[in-house]
Amino acid sequence: MGTLLRGVRAGEKHLAYNDPAASNAPLSLVLSSSSFEFGGTIPRKHAGPGEGENISPELSWLGVPPETAELVLIVEDPDAPLPRPFVHAIATGIQPTATTIAEGRLSDTAAPGDGLAMGKNTFGKTTYGGPRPVPGHGPHTYVFQLFAVDKRLTFEGVPSRADVLRQMEGAVIARGRIEGTYER
């Protein structure tokens, strides 16, 4: 099946990073990970259930503007054979003073006290869903996108990607990304 769909991909242009809600913000956030290098292979332990351990990777960043009210993270796969990128995780309410998300934190929805709240991914869950591309479809890129917003985002219930982008409209003051690849 993957080889039949090899040329079908959502595309980079549909990432949250390139959405009108965020695309005009400066590229001043610098993301890194001790789990993988920019553009490198994401280790199997971070892959999804049935493929890996589904443990979210460690992320760290620099360059948060002083007027930031909160940070938002959206993890997407633009190589999914769908009309839009596959959303693997959404985290809102990240404190503007934070400089890291610990390994496994996005996988642990019960972790207390840091203000981070999970949105709904394409699996319909409120947790990290690691890479698990269609076998034979080729390498997929997983883009970890961080946004600094100058207002607190509020949601009625668990937000979807569309809900988050709507709330971020006009409030994104900086953005950055790191990407890794995974193939089955």
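Me: Which residues of helix H1 are buried in this predicted model?
Reply: The model is predicted, so that local features need pLDDT of at least 70 and side-chain atom pairs count only at pLDDT 80 or more, while totals for chains, interfaces and linings use all residues. Residues are numbered from 1 along each chain as its sequence is written, and side-chain values use heavy atoms, with hydrogens and water left out. Helices (H or I, at least four residues) and strands (E, at least two) are DSSP runs numbered from the N terminus, and buried means under 20% relative accessible area (exposed is over 50%, partly exposed in between; 1.4 Å probe, protein chains only). In H1, which spans residues 161-168, the buried residues are Arg-161, Val-164, Leu-165 and Met-168.

Me: Which strands do the buried residues of H1 pack against?
Reply: Contact here means heavy atoms within 4.5 Å. By that criterion, the buried residues of H1 pack against strands S3 (70-77), S4 (86-94), S7 (140-149) and S8 (172-182).

Me: How many bridges join S7 to S8?
Reply: Two strands pair if DSSP finds at least two bridges between them. S7 is joined to S3 by seven bridges in an antiparallel arrangement, with Phe-144 of S7 as the bridge partner of Val-75. S7 and S8 also run antiparallel, with Thr-181 of S8 as the bridge partner of Thr-141, and the number of bridges joining them is 10.

Me: How many residues of S7 are buried?
Reply: Both faces of S7 are covered, with buried residues including His-140 and Tyr-142 on one side and Thr-141 and Val-143 on the other. The strand is mostly covered, and the buried count is 10 of its 10 residues.

Me: How do the residues lining the largest pocket divide, and what are the counts of nonpolar, polar and charged?
Reply: The lining includes Asp-77, Arg-132, His-140 and Tyr-142, and S4 and S7 each supply at least two of its residues. Ala, Val, Leu, Ile, Met, Phe, Trp, Tyr, Cys and Pro count as nonpolar, Asp, Glu, Lys and Arg as charged, and the others, Gly among them, as polar. A pocket is an open set of points on a 1 Å grid over the protein atoms alone, where a 1.4 Å probe fits, with protein on both sides within 12 Å along at least five of seven lines, and lining residues have an atom within 4 Å of a point. The lining divides into eight nonpolar, two polar and two charged.
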